[in-house]
Amino acid sequence: MARMTYADAVRHALAEEMRRDKRVWALGEDLSTAHGNSSANQYTGLIDEFGSKRIVNTPISESTIMGAAVGAAVAGTRPVADLRMIDFGLCAIDELVNQAAKIRYMFGGQARVPLVVREAIGLKAGMAAQHTQSYEAWFAHVPGLVVVTPATPADGRGLLKASIRCDDPVVFMEHKDLWGLEGDIDLDDEGLVPIGKAKTLRAGIDLTIVAWSRMTHVSMLAADELAKQNVSTEVIDLRTIYPWDQQAVLASVEKTGRLLVVQESVLAGGFANEIAAEIAQQLHWKLHAPVARLGAPRIPVGYAPALEAEHRVEAAKIVQEGLRLVKASKT
Amino acid sequence: MPNPDTERILALYRTMHLIRTFEERVGVEMQKGNIYGSAHQSTGQEAVATGVVSQLRKTDYLFSNHRGHGHALAKGANPFAMWKELFGRAGGTCGGKGGSMHIADFSVGMLGANGIVADGATMAVGAAQAIRLLGEDRIVVAFIGDGTINRGPFSEALNWAKVYELPVLFVIEDNVYASTTLTKTVMAGQGVVARATAFGVPAINVDGNDVIAVSDVAATVVADVRASKGPRLLHATTYRVRGHLALDKMFYRDKKEIDDFMVHHEPIGKCRRWLTDHGTSASACDTIANEISATIERAVAEALAAPQPDARLAYTDVQDRGAPVWHG
């Protein structure tokens, strides 16, 4: 068992997959130069082991990073394209949505597009409007794409490995504020985490909280507080946004009768809505209270701490909403 | 005395005829309402696809654009399957999922027509990187229109191809019009070759209405790319005889412009003159044209008789993970 950060764990995962399969390679800006000078050191040292043909330092050309990954995938390799964060990934939406997600279908199954695109999401202190966004819901909306949002070092490793082995294009969304998070990794174990499987982080009987990425950690803090107030909370880390683990959420809410979905991004149009709607539609008559959601207001992220804080869903807010649901119940 | 090149030029003539006959029939079938969606014809531009692809191998990769019928046919895609695709029938090149704008035949290295301009350029450089990584003996050709050179990703791809010295040939098929806009009215600078040269990519102009010239120049640049000398760009000037779309009424140009092209520059007549000047009989040329007409006739009839794809196929080849519908 090794103690390592999220960034170390995903770097390990990429190296493991590159050793296992010579068709796997990575491309992106600064991949061979930005060694260890920030929390985002997911590539430190890989250039030494794999060389410049497989750890490709690219120009700042997002369209081509993504387009080249698509071309390389249909031509028989398994590229991992790094766009640093979704905010930059917006420069390459076309290649991801119009090409990567469509090629298999529109060419009648003649080709697969086995690529991973890393587009980190999430609030990071003081990063303001253009380095903080979370657009996992956009990609869940696109047929052809898989969207994963690992929250822990072990899941980061296991889901990156599974994503690289997946024949679908996978949007791999790390959270910028989790790269420094430490966890235990069993390096003797393959550690694969299946795509589409949620993880129950904590069992409970009164309330189900569904979250993903960084909000799972905040939800766990809230669940501790709720326990002190005699609310037994089940916390589910969705881990994959599409395809999301509907069975796990249904089973939990059937038991608790209450659902609170917590997301970091802007609530309007967010993926919490999809989960809430689906569960309300299927379990309406079994619910003790209406389905509830928490997310950010529909404002860009401001720079000053007082402004930025308005965008954050804090544990206290989750506790408050959980208590409201329990009190508002019909039984 | 028979010219040693005659056989080669006859093959070029045949391919150009195939493309022309296919494209002109597209116009007819569009007027009849048999083509479900839109289609972009390449009438007048046959020498570019034919000449360049004549220097490629089946194993080489080709990325096309929205005006891709000619590229597909030149690369060896089956016209019978292509007609089924245009009509939206079972047995189409893409099983009826793509239509005219997404004709692809991976079995002959035709990696797809495409509805988004410039994406072929970025995908081409990636395919070239894959070839290098896998140690394969192939090259990549991207057919790009004159309108596309004003998109950012085209510049990115040129720079990228040169930085990594990739085995890519960019072919700028300059048909004068970007959709319905005269390209020169929206393009700054000294033209395509100057732009490529600015990135250090060797570039050359060729008369895209002269299939022999295109084929000969392509032989040189393809050889350079195949010899790992880095990317090359070929700027072939030609002319789009038909509209941007098959039903385009073309109010933006004078019909005299088209007539002038047909009299002075039209590529198939030019090639035919070369053949008859070098000992091929007119009747031999006519025989080729007649054979192709008969083939297209059969292909259209067969495709019109084919059924639509099973609706359940709408749900296949989306992705491995995740069901296309939640409530089956």
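User: In which loop of chain A does Pro243(A) lie?

Analyst: Keep in mind that this is a predicted model. The peptide bond from Tyr242(A) to Pro243(A) is cis, with omega near 0 degrees. Most peptide bonds are trans. As for the place, Pro243(A) sits in the loop between β12 (240-242) and α10 (246-256) of chain A.

User: What about Asp30(A): is it buried, partly exposed or exposed?

Analyst: Asp30(A) is found in the loop between β2 (24-28) and α2 (46-50) of chain A, and its phi is near 65 degrees, a positive value in a residue other than glycine. Being buried takes 20 or more other C-beta atoms within 10 Å, and being exposed takes 12 or fewer. Asp30(A) has 16, so it counts as partly exposed.

User: And what is the phi of Ala128(A) near?

Analyst: Look in the loop between β5 (116-120) and α7 (136-140) of chain A for Ala128(A). With 14 other C-beta atoms within 10 Å, Ala128(A) is partly exposed. Most residues other than glycine have a negative phi. Ala128(A) has a positive one, near 60 degrees.

User: Over to chain B: which helices do the buried residues of α11(B) pack against?

Analyst: Helix α11 (residues 282-305) of chain B has 24 residues and reaches 35 Å from first C-alpha to last, close to the expected 34 Å. Its buried residues are Cys285(B), Ile292(B), Ile296(B), Val300(B) and Ala303(B). In chain B, the buried residues of α11(B) pack against α1 (6-32), α4 (79-87) and α10 (267-277).

Technical notes:
Residues numbered from 1 in each chain as written. Chains lettered and ligands numbered in written order. Predicted model: local features only at pLDDT ≥ 70, side-chain atom pairs only at ≥ 80, totals over all residues. Helix = DSSP H or I, 4+ residues; strand = E, 2+ residues; numbered from the N terminus. Expected span 1.5 Å × (residues − 1). Contact = placed C-beta atoms within 7 Å.
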